[in-house]
Amino acid sequence: MARRLDQLGFSPGETVRCVLKKPRGGMSAYLARSAVIALRESDAAVIFVRTDGAGTPPPARHIVS
Amino acid sequence: MESKTAVIALMGNPNVGKSTLFNALTGLRQHTGNWPGKTVALARGRFSCGGRDYLLADLPGIYSLDARSEEEEVASQFLRSGLADMILVVCDACCLERGLHLLKQVLELEWVRDTGVPLILCVNLWDEACRRGIRVDLELLQDVLQIPVVACSARSRRTLEGVKQAISESAGTVGSYQCLDFSPHRLAEETVHMETEHFRRLEERLDRIVTGPFTGSLLMVALLLGVFWLTMAGANIPAQFLWDLLFSLEDGLAQGLALLGAPPVLVQLLVYGVYRVLAWVVAVMLPPMAIFFPLFTLLEDSGYLPRAAFNMDRCFMRCRACGKQCLTMAMGLGCNAAGVTGCRIIDSPRERLVAILTNALVPCNGRFPVLTAMISLFFLSGVSGGFRSFLAALFLTAFLLLGVAATLCSSWLLSRTLLKGLPSSFTLELPCYRRPQVGKVLIRSLLDRTVFVLGRAAASAIPAGVLIWTAANLHLGGQSLLAWLTGALDPLGRLMGLDGVILAAFLLGFPANEIVLPIILMAYLQTGTLVEMSDLSSLYQLLTAHGWTWQTALSMMLFCLFHWPCATTCLTIKKETGSLRWTAAAIALPTLLGFLLCTAVHFVCRLLF
């Protein structure tokens, strides 16, 4: 799974942005390498991100690890 | 190389339009759809340009050459096998960076470096990128990569010439990739220019509505209802017209055959046995299919399906299944065999098995007409006008939702009994919305799906007609063979609210679900009941004359929805799972469910009415 995420652009140094979020443990979708990728909450939880202070809504996120 | 056909491998990320390009180049009709994983197997086709013949291999879309999933395995094995004389890497102009990552991996393959096989980068979906204000600097790209780079929009034939030219120019050349190195991220940054900052603004708004907690479900049901309503409302008039036309030919055909010197028995068999049923199949099945499939293909083309999977994922997660199962179910709606093959997009073997075993619980296009016919014959009497087709659509939607519910319940059950396990992780790509190619969709789905299903129905209706006719006229111990068979099945059928003939028809309909209703009609007609086949309602008279009530019709619909998959699907399941045990399970699961449901409904009806 980590490899697949890496291929899709959830890798160190890249910027991802949450574009869709389902309430109550549903999937959420992220813009990574200009494509929209949906992940389950449990999978998204293992990605470490640092929020971008600029804070354009919804906030941009940096992956640090 | 000069004499033999050059092999070109067509590869790229999922959903960048490889199959569309493949179709445009070869003139073949691979199914395409706007969601990742539509192509799971390898397809090949021939075309020629510049006086040379080429064999084009359409590889499944991949993100990398790691060979983690089945598609990646297929694609990377093909590349490593060294069969390709040229590689055409297709990428999406809107997501160039991902394509470049894959291109880099291809360039790093030892085999590619050693042989210097010619590579072409094809930037597809150019028109769409332009519309969104995305500009790609192709010259810079070509300068850095040192391979031919062409822009194209596979959907419009105009831009194909560039691709063909690049192919004929680089055929037979040897590239040198030894000292080629680039960073996909930086290269994409330098070559892609966005004219507007918020090129996804409209899409994001649309997505909020399509996947909203309330609006999402509402839209899903409304879309289903709308599609079914159009199908039911639009099918009536052509059905009546076809019926009149085909049955007005019946007498002429009988006379013509008699004039040709055919013996009366043969005329009877051919005209009143086979032709009549064929006419019925065409008149009743063709119109709804010809309306439903283009509509459904439009939905598929627009990019809605992955969003539906996104919405439905929570249900599938609860059932410990993969959210992509929603996509394979949608494929099953067209054909269960295709749905089973489509299950390859699910990476986890356990979840893939769950999806395969439950795929037959979604009604395929062979079973749809049975449902529509039963609804319009038995459940809408006394209702007329526009409300009638709306009510019919409501019924159909309810039945489809029942199929979905059954799929979820059986997935839940399987995940806790036979296929124990926790849900695994997966990624689901939500592609851009694309305007469907209306004209193309109409023609393709009419020609491919409708004619295919109808052809299959007709092809199996003829031997089935002969078989039924023979069985009804061969006597054994004072009773016809048909009577023996249906008599033996009758007690079981009665238990389920059906009768022996219906069960026999389902058994004989194993090669193709489309012929179940025709077999029932043939069997009834052979029992000597004379029914004036003047219009569509005469079917109703024929069925009621054999003891059908609305309860029989209900049980029939339930059993039609839940019974063993057709022969083609069973073979596909055997091929995909590689095990007879799982194939047997895939047969037993829906059959058992149908048997239990029908029996329960029958008993409840007996208690209440």
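Reader: How many residue pairs are in polar contact between chain A and chain B?
Author: This is a predicted model: local features need pLDDT of at least 70, side-chain atom pairs count only at pLDDT 80 or more, and totals for chains, interfaces and linings use all residues. Residues are numbered from 1 along each chain as its sequence is written, chains are lettered from A and ligands numbered from 1 in the order in which they are written, and side-chain values use heavy atoms, leaving out hydrogens and water. A polar contact is a pair of N or O atoms within 3.5 Å; within protein, one must be able to donate a hydrogen and the other to accept it, and residues adjacent in sequence count only if both atoms are side-chain atoms. Between chain A and chain B, with both residues at pLDDT 80 or more, the count is 13 residue pairs.

Reader: Which elements of chain A give two or more residues to the side that touches chain B?
Author: Helices (H or I, at least four residues) and strands (E, at least two) are DSSP runs, numbered from the N terminus. On the side of chain A that touches chain B, two or more residues each come from α1 (2-8), β1 (15-21), β2 (28-32) and β3 (35-39).

Reader: How much area do chain A and chain B bury between them?
Author: Contact means heavy atoms within 4.5 Å, and 28 residues from chain A and 37 residues from chain B take part. Buried area is the accessible area (1.4 Å probe) that two parts lose on being put together, summed over both. Carbon and sulfur atoms hold 55% of the total, which is about 2,900 Å².

Reader: Which residue of chain B forms a salt bridge with A:Arg4 at 3.1 Å?
Author: A salt bridge is a side-chain nitrogen of Lys or Arg within 4 Å of a carboxyl oxygen of Asp or Glu, and five of them are counted between chain A and chain B. A:Arg4 forms one with B:Asp347, with the closest N and O atoms 3.7 Å apart. In the pair at 3.1 Å, the partner of A:Arg4 is B:Glu72.

Reader: Are A:Arg4 and B:Glu72 buried or exposed?
Author: The pair crosses between chains, from helix α1 of chain A to helix α2 (residues 70-80) of chain B. Buried means under 20% relative accessible area, exposed over 50%, and partly exposed in between (1.4 Å probe, protein chains only). By that rule A:Arg4 and B:Glu72 are both buried.

Reader: How many residues apart in sequence are the parts tied together by B:Arg434 and B:Glu128?
Author: The closest N and O atoms of this salt bridge are 3.5 Å apart. B:Arg434 is buried at 10% relative accessible area, and B:Glu128 is buried at 6%. B:Arg434 lies in the loop between β9 (427-430) and α18 (438-473), and B:Glu128 in helix α5 (residues 126-131), so the pair ties together parts of chain B whose separation in sequence is 306 residues.

Reader: Which residues are linked with B:Glu128 and B:Arg434 in a network of salt bridges?
Author: Over all chains, the salt bridges come to 16. The network that holds B:Glu128 and B:Arg434 also includes B:Arg132 and B:Glu203.

Reader: Which residue caps the N-terminal end of α20(B)?
Author: Helix α20 (residues 500-508) of chain B is mostly covered, with seven of its nine residues buried. The cover of those buried residues includes α19 (481-495), α21 (516-526) and α23 (550-561) of chain B. At the N-terminal end, the backbone nitrogen of B:Val501 lies 3.1 Å from a side-chain oxygen of the capping residue, B:Asp499.

Reader: Which helix gives the most to the nonpolar patch?
Author: Patches are made of residues with over 30% relative accessible area and no salt bridge: like charges are joined within 9 Å, nonpolar side chains (Val, Leu, Ile, Met, Phe, Trp, Tyr) within 5 Å. Accessible areas come from the Shrake-Rupley method with a 1.4 Å probe; for residues, only the protein chains shown count as cover. The patch, of about 460 Å², is made by B:Trp229, B:Leu230, B:Phe387, B:Phe390 and B:Leu394. With three residues, the element that gives the most is α17(B).

Reader: What is the relative accessible area of B:Thr407?
Author: B:Thr407 is found in helix α17 of chain B. Not counting residues up to four places away in sequence, B:Thr407 touches B:Gln325, B:Met329, B:Thr358, B:Leu361 and B:Val362. B:Thr407 counts as buried because its relative accessibility is 0%.
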